[in-house]
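Here is a short note to read beside the structure, written as numbered points. Please keep the view of the ligand open while going through them.

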Amino acid sequence: MNPQINSEEQQLIDLMDSARRVFVFCGAGVSAESGVPTFRGMGGLWEGHRVEDVATPEAFQRDPVTVWRFYAARQAGLMGVLPNPAHQVLAAMERHYPAFLLVSQNVDNLHERAGSHRLVKLHGSLMETRCTAHGTVTTIDAPVPLPTLERGELPRCPEGGLLRPNVVWFGEWLDPDHLARIEQFLQAAEREPPGSLLLLSIGTSGQVSGGYGFLELVTALGGHTVEVNPEPTPFSKVVDLALRSPAGELLERVWPQVVQQRLQCVVAQKEP
Ligand code: BJW
């Protein structure tokens, strides 16, 4: 065993090595090592507002300028950050496992920039707007300018419809197409050998909608469950394995071991 790898990490490597269907559910902690603030930890406030106070349809109706300032500041913040090793390993995992799905609650674009494609952005995207009048979704490549917001001018579509960030706010429903894709991916495990399915919950507090029940579903399907988070969460007591480490640091260390272990197994199978 590699002396830099402890026994819990080795358990993770073994689970990742034997998994054939991998479902990753992640949250703000994955982008923390890139310098993107999380929602509920230290510094998880925005100008004294709780996220619950600015990320609602009611807040947007009441005070769209304040809500847009919150999002425009985060859009601007994205311009100065880069994907970290956690995003990079998740993109590498997608190339390694034929059955892989990354479900991220993060609205930043760091997964895409790291090369992830089999990606469901459950809570939408910071770099998209949606017209409140026509429903049109548009990708933007620059932040909404703060000075125009400070003058009280809101972003509008060419026909004058008010634009909103294309994200899922509290009290709103998730995209049914996203839920269908997730369900289809997980239900396929029923036709596969028991224990092929692995769920990795990475960098989420699990406080929003109880993690949407994905962990319970994977357990019911006979899959293994692992959490990666420096802090305990409601998931910690129910997962098979909980690793208390920053995601980038841990994944960067264990992923090469998974690949190596897999390679050794293939070579051993080929030897006469
Ligand atoms: C590290 C780390 C490192 C640090 N490495 N880790 C059913 C049950 C219960 C409640 C509800 C329910 N149905 C509806 C509700 C109400 C509501 C809700 O959950 N409220 C509670 C919070 C009170 N939910 C909703 O309204 C949702 N809608 C819904 O559920 O519809 C019904 C439905 C159910 C099932 C299927 C379909 C529909 C919508 C919620 C939308 C949330 N939106 C936000 C804002 C998005 C836009 C934006 O970004 O501004 O999404 S809120 C915010 O929280 C954001 C995040 O994506 C989300 C999750 O937070 P996350 O990612 O877990 O971040 P943190 O900060 O909480 O945690 C970070 C973690 O990282 C910590 O644990 C750290 O320790 C860790 N960490 N450094 C690894 N280096």
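1. Which of the 35 residues around the ligand come nearest? In this predicted model, the residues that come nearest are R40, Y71, G171, S205 and S209.

2. The make-up of this shell can be described by class, and the count gives 18 nonpolar, 12 polar and 5 charged residues around the ligand. Among the elements, α5 gives the most to the shell, with 3 residues.

3. A polar side-chain atom of R74 lies 2.7 Å from an oxygen atom of the ligand, a polar backbone atom of A28 is 2.8 Å from an oxygen atom of the ligand, and for Q105 a backbone N or O atom lies 3.0 Å from an oxygen atom of the ligand. As for cover, the ligand taken alone exposes 1500 Å², and the protein buries 78% of that.

4. Where does the ligand sit? The space that the ligand takes is the largest pocket, which holds about 810 Å³ of space. This pocket is lined by 42 residues, of which A28, F39, R40, T204 and S205 are the closest to its centre, and the elements that give two or more residues to the lining are α2, spanning 29–32, and α5, spanning 64–78.

Key: Residues numbered from 1 in each chain as written. Predicted model: local features only at pLDDT ≥ 70, side-chain atom pairs only at ≥ 80, totals over all residues. Heavy atoms only, no water. 1 Å grid on protein atoms, 1.4 Å probe; cavity = no way out; pocket = protein on both sides within 12 Å on 5 of 7 lines; lining within 4 Å. Points joined across faces, edges and corners; volume = space filled by probe spheres on them. Helix = DSSP H or I, 4+ residues; strand = E, 2+ residues; numbered from the N terminus. Near = heavy atom within 4 Å. Polar contact = N/O pair within 3.5 Å; in protein donor to acceptor, adjacent residues only side chain to side chain. Areas by Shrake-Rupley, 256 points an atom, 1.4 Å probe, with all protein chains shown as cover. Sits in = over half its atoms within 2 Å of the grid points. Nonpolar A, V, L, I, M, F, W, Y, C, P; charged D, E, K, R; others polar.
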